[in-house]
Amino acid sequence: MAKVIDVFAENGALTQQIKDFRPRAAQLEMAIAVEGALAEKTSLVVDAGTGTGKTFAYLAPALLSGKKTIISTGSKNLQDQLFKRDLPTIKQALNYTGKTALLKGRANYLCLERLEQLIAQGVLGDKSVLADLFKVRQWNTSTQTGDLSECPDLAEDSPILSQLTSTAESCLGTDCPNYGDCYVALARKKALQADVVVVNHHLFFADMAVKETGFGELIPQAENIIFDEAHQLPDIASQYFGQSVSSRQFFDLCKDIHIVYRTELKDLKQLGNAADNLQKIVQDFRLLLGEGNQRGNWREIFRQPAVEKAYQILVEKLAFLTEVMKLALGRSQNLDHLFERAENLKAHLQRLLETERTGYCYWYETFARQFALHITPLTVADKFGEQLKAKQAAWIFTSATLEVGGKFDYFCHRLGIENAQQLILQSPFNYADQALLCVPRYLPPTNRANTQAELGKMLLPVIEANQGRCFVLCTSYSMMRSLAEYFREQSQLSVLLQGESSKTALLSQFINEEHSVLVATSSFWEGVDVRGDALSLVIIDKLPFTSPDEPLLKARIEDCRLQGGEPFNDIQIPEAVITLKQGVGRLIRDVSDRGVVMICDNRLVMRPYGQIFLQSLPQAKRTRDLTKVIEFLKTI
């Protein structure tokens, strides 16, 4: 069996097989550490700076180990990139003959039962989605996987998607007439038989949460478990170790009951009426929670008499619906499944009444016409830590943003990771030559009526001197919209705004249109890779502290205080440092990239904690002088 050190050597397999591959000291150091952890079945936490080549550094040892491996990534885009680009490259270089599989959550796969229903019953709501339905029907005749992201010309946010996919509640499992051809079942079967399975964090924790005390069906067999983009794990894990109920679950239930009533139980008119009544109550309840997209404390809003009364009516209408369903149990297999779903929803609604439980955050969120109610644990360290101890496996955690001020305490504490080997690898990029960091002088005071226009006025000359080629990353939607509006009014540049089209379309437009500026918020701070001349200026409006009113953070802050901690130092600073590192990391993506990062926040230089942020950022040259920034940009 080849050794990792030989594979990465000057004339090793990777150099011979991969064009432009150059051995890197940090990459080899990481690969050797991963090889050791996989052999010993221990835990390893690696902060690998941008450009280390961490993907190959964990893939090569994993394939060489010959053991069943699960690799979990932060997003579906990264998952596809890993499976379709990086993994085939390494497999070829190492002559790897094991089986590999890609597995996503069920919401990514076409449900054949739902497709048949849609064709028979017609689409719900806006009829403009009929064109999308036609595309999916055509594509379904040739697809091997049923992965809807592979359907050409289907937008990733098409409204038809929710009508074409199943949820854990609505899936009929082995009772489904289409089970023999089911794409989800097929993908899971392949994953169970594969030696290397690529999943994403959401799916990993969904599988782990199948049985609160143990693992689902996929994870038990794995001896190597590798998390890339591991900084996202604590937040994603807390969603799956908690409980949620959403208006979509109610709407889906009512819709499916109507289908059964119209096709199998036409004599049971009361069933259709009870479903209609429940749907109306759910819509009324959404209106009570206020307009627009917001998040709030469920315990607080539940104390309002109107909300409490409406919630009780919701509980009663659901209970009445289940009583009506009992009348027909045994007459229809579909109705029997729907009864189970309704009973599960009843149990969820009951738990949301038990607001006295400690250690959990009770919160709600609203979208345009939907809402969700959540009970989320304040820490997953106990549950996740138990799994680490219980499962005899190697656990590898890696990302470019795990350490804060040279330590892993914050990350390890949140996940209950104990006694792990720790490794910090600096980026091989020469930041001192390639990049300049600027915290401008004379920044406008924050929270004034004209702050956004003043900031826009200060930034525009720098952006114009760079001829666009700029990301403006904002910490709020209001700042994002105001700056975009100002740049559009005051300049000839092409200004792209997050939300005006899909993330993929915006990125492609940014790369292909010269002199463009992309103004965005949270989803562009990470997982975005623009190399070369297209991007040479990244502007961040202020330090990315999460709003202290955000219900989950608020609850964690209160919990930290109760335990004698100092929330600002223990929670808020580490979170903001990790997010800032992600944003700054958008700039230098390659050995030949050059550019400027501007952070428009005086606290970096005026407050003692600014040092923690600066210590965690790449060691670029620093200035406070905008004329020096413009001079540097002109040399690129």
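**View 1. Lys503 over the face of Phe524.** In this predicted model, Lys503 lies over the face of Phe524, 5.5 Å from the ring centre. A charge sits over a ring if NZ of Lys or CZ of Arg is within 6 Å of the ring centre and within 35 degrees of the ring normal. Local features need pLDDT of at least 70 and side-chain atom pairs count only at pLDDT 80 or more, whereas totals for chains, interfaces and linings use all residues of the predicted model. Side-chain values use heavy atoms, with hydrogens and water left out, and residues are numbered from 1 along each chain as its sequence is written.

**View 2. Arg357 and Tyr360.** The ring of Tyr360 has the charged end of Arg357 over it, at 4.4 Å from the ring centre.

View 3. Rings of Phe, Tyr and Trp (its six-membered ring) pair if their centres lie within 6.5 Å; planes under 30 degrees apart count as stacked, over 60 as edge-to-face and the rest as tilted. The count by this rule is 26 aromatic pairs. Phe285 and Tyr311 form a tilted pair, because their ring centres are 6.0 Å apart and their planes stand at 55°. Phe285 belongs to helix H13 (residues 269-288) and Tyr311 to helix H15 (residues 305-326), so the pair ties together parts that are 26 residues apart in sequence. Helices are DSSP runs (H or I, at least four residues), numbered from the N terminus. Phe285 and Tyr311 are both buried (under 20% relative accessible area, 1.4 Å probe, protein chains only). The rings of Phe302 and Tyr311, with centres 5.5 Å apart and planes at 85°, are edge-to-face.

**View 4. An aromatic cluster.** Phe204, Phe205, Phe227, Phe241, Phe384, Trp395, Phe397 and Phe411 are linked into a cluster by ring pairs.

Terms used:
Helices (H or I, at least four residues) and strands (E, at least two) are DSSP runs, numbered from the N terminus. Buried means under 20% relative accessible area, exposed over 50%, partly exposed in between (1.4 Å probe, protein chains only).
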